[in-house]
Amino acid sequence: MATALDITAFAADDIRGIGTDPNLLRKEIPWPRLFTAEEMRIVTALGDIIIPADEYGPAASAVGVPDFIDEWVSAPYEEQQKDLKAIRAGLAWIDGEAKTRSGKGFAECDAARQVAIVEDIVKDGTPARKAGYNFFKLFRDRVAGGYFSTQEGWKAIGYTGNVPLSEFPGPTPEALKHVGLA
Amino acid sequence: MAFLNTSRTRAARYDVVVVGSGAAGGMAALTLAKAGAKVLMLEAGRKYDPVTETPMFQTNADAPLRGANTPDKPYGFFDATIGGWVVKGEPYTVKNKASEQWQDGTFAKRDATDQNFMWWRSRMLGGRTNHWGRVSLRMGPDDFKPRSTDGLGVDWPISYEDIAPFYDRTDQIVGIFGSKEGLRNDPDSDFFHTPPKPRAYELLFQRGAKKLGIRVISSRVAVLTKPMPGRAPCFYATPCSRGCSIGAAFQSTTSLIPYALETGNLDVITNAHVREVTLDARGRANGVHFFDKESGKEEHVAARAVVLGASACESARILFNSRSARFANGLGNSTGHLGRWLADSTAGDMSGQIPALENMPLHNEDGVSFPHLYAPWSDVQARSAKAAGSPRGYYTTFGGGRRMPGGSVSLGPNGGALFGTKLKEEARRYFGSFVSAAGRGEMVPNEHCFAEIDPVKKDRFGIPVLRFHWKWNDYEVRQVEHMQRTFAEMIEAAGGKITRQPIKDATSVMTAGGSVNHEMGVTRMSAKAADGVTNPFSGVWDCPNIAVADAGVFASSPYKNPTLTIMALAIRASEHLLAGVKDGSISAPA
């Protein structure tokens with residue numbers, strides 16, 4: 001009754017993805033990064049307009065957010081590949097917008113001009129701006145997610161958990177008072 | 001912590017072979033091994049030890065893609081599942097509702113897919129208990145007698161009184177927190193651990209629901225809040241879906257299998273995929289055939305009795321594939337019920353935002369990572385649901401809180417235009433103010449929902465696979481609509497604003513069958529052989545020295561998540577099987 005099967009044939013596919021049984025204690029990104037150096041410069045500059053250094057914490061680039069964006073769009077999954085297409089086109093668009101206005105690429109513009117471009121994008125309305133606005137929202141949400149999931153981002157947003165407690169104290173008296181339950 | 005040290009050695013023959021290592025297989029193996037039986041456990045997945053493999057305290061930034069769901073890890077990177085909607089080389093077939101064609105089950109969003117069914121499988125020691133929701137609700141007296149209560153479905157051949165002692169024993173092994181409430185159809189336990197204090201947003205839901213006449217009480221969850229031998233109490237950090245290295249959140253691999261191994265009566269073989277139960281000349285089970293995934297060879301192991309705890313549909317598949325001249329349509333299928341009466345829980349949800357929670361003074365709301373409060377089905381809900389054509393109940397849990405941020409952050413109503421310091425201020429202001437209400441409801445089993453053997457497709461071991469038929473009844477669609485309305489009222493009563501209007505016709509948001517991971521009923525128990533697959537002690541009518549320990553035996557599909565009842569019935573079935581084989585009342589090979 002013994003039948004030998006080729007059991008190795010199923011072990012080696014999807015080599016570029018995370019795989020179905022990764023080591024959960026180690027972060028390993030098996031796929032190659034796809035952004036060019038020029039794209040990374042725009043990602044870094046725009047990321048820091050979205051999350052600048054201020055009294056709440058460091059800028060996005062100081063906690064590795066540009067690298068996370070590259071990791072994200074380079075992943076071999078449908079959702080991420082869709083984002084790659086949209087973000088890559090958006091980066092080219094915003095860079096073109098900067099060149100039209102000032103003759104310089106977005107990353108080479110000074111901060112004031114970069115902010116002015118972003119402010120124009122988020123002033124909603126015209127169909128001409130819609131593509132830029134949709135790109136900006138997508139990119140901004142990825143940057144924000146990448147940032148607030150870091151320890152520095154926790155401080156900025158006010159997350160104080162992930163620490164072991166001997167007892168769960170429930171809401172503080174100030175919290176109860178705040179919601180009208182004290 | 002007991003050390004989980006499995007081996008691949010095995011004897012020529014066992015008293016009992018247990019197929020599966022999760023809630024059903026783990027509890028059956030523990031019960032049998034403690035009673036002195038020599039037991040072999042076969043698990044189709046790999047060995048897995050939560051003590052060394054669980055990512056405790058890792059942040060989402062420590063995971064690829066900030067821990068996002070991917071086809072490889074469908075509930076996120078850290079989720080303690082190997083497998084999910086797809087197990088490579090082990091397909092199942094489902095109907096595509098749009099094309100009307102059969103296709104392999106794939107990775108999809110359960111409430112936005114054309115697949116009629118989705119089947120979650122976990123190929124690892126401990127199975128789905130490693131990541132499960134830990135919700136541990138006893139079924140009540142009415143849940144065992146649905147036909148007597150509302151005329152639909154069938155009654156179980158057992159009552160609450162029959163199972164209550166086994167719930168008591170399960171609770172003492174598992175460790176469950178909760179509060180005694182005296183609700184008639186939601187029985188209390190004498191063994192509850194003290195529940196954790198409610199979070200601020202949960203207190204707002206509790207206060208609001210009271211105005212609606214709906215009682216909100218402590219959740220009943222399999223997480224220790226006091227120590228048990230070899231298991232530490234919860235320290236209120238790091239999500240339980242990753243598994244729990246300290247054994248606070250119950251899972252078979254920390255809380256059942258190590259204690260079964262301690263008896264010296266249990267051997268475990270992982271990567272052992274069972275194909276069929278074999279019979280002797282007198283039609284009694286005498287062992288199982290399995291594929292050893294490490295050697296690629298088919299093996300046979302002999303036993304005097306067999307317990308199937310491979311998950312409801314996988315156990316049914318093994319029975320279908322255990323064909324012989326005597327049982328040409330599959331073992332247990334003499335009366336045509338095998339694979340039928342497949343059920344799952346319904347699911348509905350509604351989200352909102354509570355302004356009172358904005359700018360909350362900073363505090364830690366991690367808790368046990370599950371809702372600390374929930375609303376059992378109430379009389380006031382039952383009345384309005386019945387009037388709307390929905391006969392059965394659901395419970396409500398409340399989502400929210402200042403949880404560990406993942407790869408997406410809600411920025412509040414001004415989200416679209418935000419950037420710069422203003423973005424950080426808004427994110428901080430709204431953090432923890434978003435809430436949701438979600439329900440799990442009871443389905444009435446119907447004749448359109450069943451599993452059968454696919455006529456052509458086989459898995460990589462050459463074993464025929466399952467294909468699934470599914471159709472929700474109007475009862476369930478009306479129920480999800482009722483959830484929508486009720487959850488909107490609950491959010492508003494808590495002082496919140498709903499983010500969208502309740503969906504009037506829920507047909508478009510019904511989940512794919514099976515996708516709530518509560519498959520039940522395919523080997524249902526019955527008082528007479530003509531009405532089911534298994535007898536009132538979970539033994540297969542056709543061959544009583546096989547017991548089914550998983551939710552396949554459920555004659556109805558109450559909204560109370562199945563795992564606790566699976567474990568209580570697994571103890572009962574295992575003890576009955578062992579006693580019967582010993583005293584000869586259940587015929588078994590010598």
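Helices are DSSP runs of H or I with at least four residues, and strands are DSSP runs of E with at least two. In this predicted model, the secondary structure of chain B comes to twelve helices and 20 strands. The radius of gyration of chain B is 23 Å, close to the 25 Å that the globule rule gives for 590 residues, so chain B is as compact as a globular protein of that length. Along the principal axes, the C-alpha atoms of chain B fill a box of roughly 75 × 50 × 50 Å. Of the 590 residues in chain B, 60% are buried. Among contacts in chain B with a separation of 6 or more, 72% join residues 24 or more positions apart.

Chain B also touches chain A. In this interface, 67 residues of chain B are in contact with 62 residues of chain A. Three elements of chain B give two or more residues to this side: helix H5 (200-211), strand S11 (297-308) and helix H10 (421-430). H10(B) gives the most, with five residues. By class, the side of chain B that touches chain A has 33 nonpolar residues, 17 polar residues and 17 charged residues.

One position in strand S12 of chain B is Thr346(B). Leaving aside its neighbours within four places in sequence, Thr346(B) is in contact with Tyr394(B), Gly441(B), Met443(B), Glu476(B), Gln479(B) and Val480(B). Gly514(B) lies 168 residues from Thr346(B) along the chain. The C-alpha atoms of these two residues are separated by 9.3 Å.

Two loop residues of chain B have a positive phi. Trp341(B) lies in the loop between helix H8 (312-320) and strand S12 (346-353) of chain B. Phi of Trp341(B) is near 60°, a positive value in a residue other than glycine. Trp341(B) counts as buried, because it has 25 C-beta neighbours inside 10 Å. Ser538(B) is placed in the loop between strand S18 (497-498) and strand S19 (539-540) of chain B. Phi of Ser538(B) is near 70°, again a positive value in a residue other than glycine. With 29 C-beta neighbours inside 10 Å, Ser538(B) also counts as buried.

Definitions and conventions
Residues numbered from 1 in each chain as written. Chains lettered and ligands numbered in written order. Predicted model: local features only at pLDDT ≥ 70, side-chain atom pairs only at ≥ 80, totals over all residues. Buried ≥ 20, exposed ≤ 12 C-beta atoms within 10 Å, placed from the backbone. Contact = placed C-beta atoms within 7 Å. Nonpolar A, V, L, I, M, F, W, Y, C, P; charged D, E, K, R; others polar. Rg over C-alpha atoms; globule rule 2.2 N^0.38 Å.
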